[in-house]
Amino acid sequence: MATVAPAMAGTTVQRTYAASQPAEWLPARLVLVCEPAIETLFGLLDTDAASIAQPFSLTGAVREHRHFRRRLEAAGATVIDVREALAAGDPEVLRQAARQALVYEFDPAVPGSDRASLAALHDRTIAALDPPALVDIVMLRPVVHIRPNHRALDSTSRFRASFSVDPANNAYFLRDPLVTTAAGVAVGRLRLDVRRPENDIAALALRQLRIEPLLRITAPGFLEGGDVLPAGNLVFQGQGWHSDADGIGQMLDAGAYGDTEVAVVRDPGAAPDDADGHLDSYFAVYGPSLAGICEDRLGAREPEVDVWRPEQTRHGLLYRRSATVGLIRYLADRGYDVVTLPAADRDVAATNGLLVGPGRYLAVRSVDDGLRDRLWAAGLTVEELDFPELTGGHGGPHCYTQVLLRGLISTAPGPRVPG
């Protein structure tokens, strides 16, 4: 259950929701996003260290992201930015997070008496800053390196400081740190060290929205949201470099997929270091009987599916693996029509668009002139987006969002799980 706090702009109304995403194609009602900001700029300074594909214009990316947000809102979704959620929630929770994120490091020449006064300054600083500045601290995780200034004029110049940051530079990819299913939302565990802070920020955003996560994936497991596609009476769960058997096992043990079949899609042809290997980079579920797969995952590279089915026991759900089959056969057995998609569009237009309602698909403009016609012929209304800057990171609209609620909105005092 979540009470959505007012955004900094003052436009969000207090309402109560149940976090639940039973299927990718249901109407998107509550969407969490994160507009690129200063933390992204630091990632652009060395893309090879930040898991960003190539440098891009931050100003252009912000403009594209704001246009995308307007499109989501026009489709009927309530859209909340992570910064809004952090700033508009419990102020003491935000201050405590900023207090932990801001670190003072002392040169050995700084005496103990001065260190005590600097610790007090640290506390006064956190107490004085306003919520937007505290959010910047949480996103940037600055370290202040303090040393004596031998040319001091007065008490305000007795030290010299240099600064380093450890920013969450991929924070605008909201899909990966969280996993939302019919049962609720879980906090995952990202594989790359450079992205691990995003789990903490996403968990803090949930807390500020008063959403209680089902669980948080712990070491040694890994689980990322780009590998999870809820599909009504089943969930497609990718297993590979980003999400492993341990992380998936933690979800199964917690009943976090809901009372539904789980199709664990293993991609045996993927390289161990395939950073673009999320399930949503080559596979999509467009509706209850329509899916898409990129042509480079057919033939010898066709993924396999381990089918896990739940059984009710006295202690709750118990999952048992019932079969292992090829992905194409699995889809055929469940009545899916499958659209084959061009590999040239893998990871962006073909499978990484976002369904905002039945048959309504927001996707990056394709480099393949025939892709839109192919999806239209399959029954989708494709609304194309021009994202030349945002796609310099990786992925498309699916990657930029965490849909926390799909389906019906409750007007009653208590939460209602959408159907």
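Colleague: Which residues is His 398 in contact with, leaving aside its neighbours within four places in sequence?
Modeller: In this predicted model, His 398 lies in the loop between β20 (381-385) and β21 (402-406). Its relative accessibility is 2%, so His 398 counts as buried. Beyond its neighbours within four places in sequence, the residues in contact with His 398 are Glu 24, Arg 175, Leu 229, Asp 280, Asn 352, Gly 353 and Leu 354.

Colleague: How many nonpolar, polar and charged residues has the contact of α1 with α7?
Modeller: The crossing of α1 and α7 is right-handed. The contact is formed by Ile 38, Glu 39 and Phe 42 from α1, together with Asp 136, Met 139 and Leu 140 from α7. Sorted by class, the contact of α1 with α7 comprises four nonpolar, no polar and two charged residues.

Colleague: Is Arg 141 buried or partly exposed?
Modeller: Arg 141 is found in the loop between α7 and β6 (142-148). Its phi is near 50 degrees, a positive value in a residue other than glycine. Because its relative accessibility is 27%, Arg 141 counts as partly exposed.

Colleague: Is Arg 210 buried or exposed?
Modeller: The loop between α8 and β10 holds Arg 210. Although not a glycine, Arg 210 has a positive phi of about 60 degrees. With a relative accessible area of 58%, Arg 210 is exposed.

Colleague: Is the peptide bond from Ala 219 to Pro 220 cis or trans?
Modeller: Pro 220 is placed in the loop between α8 and β10 (228-230). Omega of the peptide bond from Ala 219 to Pro 220 is near 10 degrees, and the bond is cis.

Colleague: Which strands do the buried residues of α9 pack against?
Modeller: In helix α9 (residues 245-254), the buried residues are Gly 247, Ile 248, Gly 249, Gln 250, Met 251 and Leu 252. The buried residues of α9 pack against β8 (178-181), β9 (184-187), β11 (234-239), β12 (261-266), β15 (304-313) and β16 (316-326).

Conventions. Residues numbered from 1 in each chain as written. Predicted model: local features only at pLDDT ≥ 70, side-chain atom pairs only at ≥ 80, totals over all residues. Heavy atoms only, no water. Left-handed = near helix turned anticlockwise from the far one by under 90°. Helix = DSSP H or I, 4+ residues; strand = E, 2+ residues; numbered from the N terminus. Contact = heavy atoms within 4.5 Å. Nonpolar A, V, L, I, M, F, W, Y, C, P; charged D, E, K, R; others polar. Buried < 20%, exposed > 50% of the residue type's maximum accessible area, 1.4 Å probe, protein only.
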